[in-house]
Amino acid sequence: MKTQTTKIISIKHITHDVLQIAVKKPSNFSFFPGQATEISINKDGWRNKKGPFTMTNLPNEDYLQFIIKTYPSHKGITNELLQQKKNDELILHDVFGAIAYKNEGVFIAGGAGVTPFIAIFRDLQSRNEIGANRLIFANKTKGDIILEGEFTELLGKNFVNILSDEDATGYSHGLITEDFLRAHIPDIHQQIYLCGPDPMMTAVEGLLARLNIDKSKIIKEAV
Ligand SMILES: Cc1cc2nc3c(=O)[nH]c(=O)nc-3n(C[C@H](O)[C@H](O)[C@H](O)COP(=O)(O)OP(=O)(O)OC[C@H]3O[C@@H](n4cnc5c(N)ncnc54)[C@H](O)[C@@H]3O)c2cc1C
């Protein structure tokens, strides 16, 4: 496996537990929107530990951006990333990923599962092709919503939030249900994109089946 070392250009929190990290793009690093790479930290004790993370910026930019939800209690790579600063080094591995844009449709994300969709929506916007694509974004609370302002600007009324642990005006409340999906998927023959934690994916796939959405219409990846 080919690895490439790169430097952090900037690192900051964009929610209470989500980091946005920009690194220099190695000269021969290419990807399409929705793809990920594995990252390690170039530091004693961490070089052999890696985690998959999605590039969230446009492929033609001269840096790579990652948006990373951190789990301090795991004491793993995301916790260690919280200690990193500008000019510290990361190691990038191969590029891979199952999610790529195909046709206009409905994107369903849970938490950090939105990361491949960030890249796809930014790419569509850069080509003036946002169209009627819709994002259903499930989070625990308002404070967990990643890039709420940007998605609101990009998608307008086609940005639909649902919060499991907070009942807030203007946001749906509860878990995603069959009725909720029926209300927000205008055409069951549309393309569906699904990305989130495993339990959320399993639940939503069950609901999509109940809506008679053909499995072949679903592009998915667990985070
Ligand atoms: C293709 C792909 C792309 C992804 N892209 C992104 C992205 O862009 N942004 C993003 O935020 N995430 C993304 N993820 C998810 C991300 O890779 C994981 O959240 C991350 O690797 C978790 O790393 P960690 O070191 O914090 O914890 P882990 O590697 O999950 O855990 C470290 C250790 O903690 C222990 N542990 C595991 N779970 C728990 C728990 N619940 N409580 C206590 N201890 C635990 C285990 O013993 C484990 O060895 C992606 C995943 C995939 C598959």
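Visitor: What order do the strands of the open sheet have?
Guide: This is a predicted model. The open sheet has 6 strands, in the order β10-β9-β8-β7-β11-β12. Their pairing is parallel.

Visitor: Which strands stand at the edges?
Guide: β10 (172–173) and β12. Each has a single partner strand, so one side of each is left without a neighbour in the sheet.

Visitor: How many bridges join β11 to β12?
Guide: There are 5, and the two strands run parallel. β11 covers residues 191–196. Take I192: its bridge partner in β12 is I218.

Visitor: New topic, the ligand. How many residues surround the ligand?
Guide: The count is 18. P52, I67, K69, I77 and T78 are the closest.

Visitor: What classes are in that shell?
Guide: 11 residues are nonpolar, 5 are polar and 2 are charged.

Visitor: Which elements each supply at least two residues of the shell?
Guide: β4 (51–54), β5 (63–69), α1 (77–81) and β12 (218–222). So β12 turns up again: it is an edge strand of the sheet and supplies residues of the shell.

Visitor: Which backbone atoms does the ligand contact?
Guide: A polar backbone atom of I67 is 2.8 Å from a ligand nitrogen. Ligand oxygen atoms are 2.7 Å from one of K69 and 2.6 Å from one of I77.

Visitor: How much of the ligand's accessible area does the protein cover?
Guide: 62% of the 980 Å² that the ligand has on its own. The space the ligand takes is the largest pocket.

Terms used: Residues numbered from 1 in each chain as written. Predicted model: local features only at pLDDT ≥ 70, side-chain atom pairs only at ≥ 80, totals over all residues. Heavy atoms only, no water. Near = heavy atom within 4 Å. Polar contact = N/O pair within 3.5 Å; in protein donor to acceptor, adjacent residues only side chain to side chain. Areas by Shrake-Rupley, 256 points an atom, 1.4 Å probe, with all protein chains shown as cover. 1 Å grid on protein atoms, 1.4 Å probe; cavity = no way out; pocket = protein on both sides within 12 Å on 5 of 7 lines; lining within 4 Å. Sits in = over half its atoms within 2 Å of the grid points. Helix = DSSP H or I, 4+ residues; strand = E, 2+ residues; numbered from the N terminus. Nonpolar A, V, L, I, M, F, W, Y, C, P; charged D, E, K, R; others polar. Pairing = 2+ DSSP bridges.
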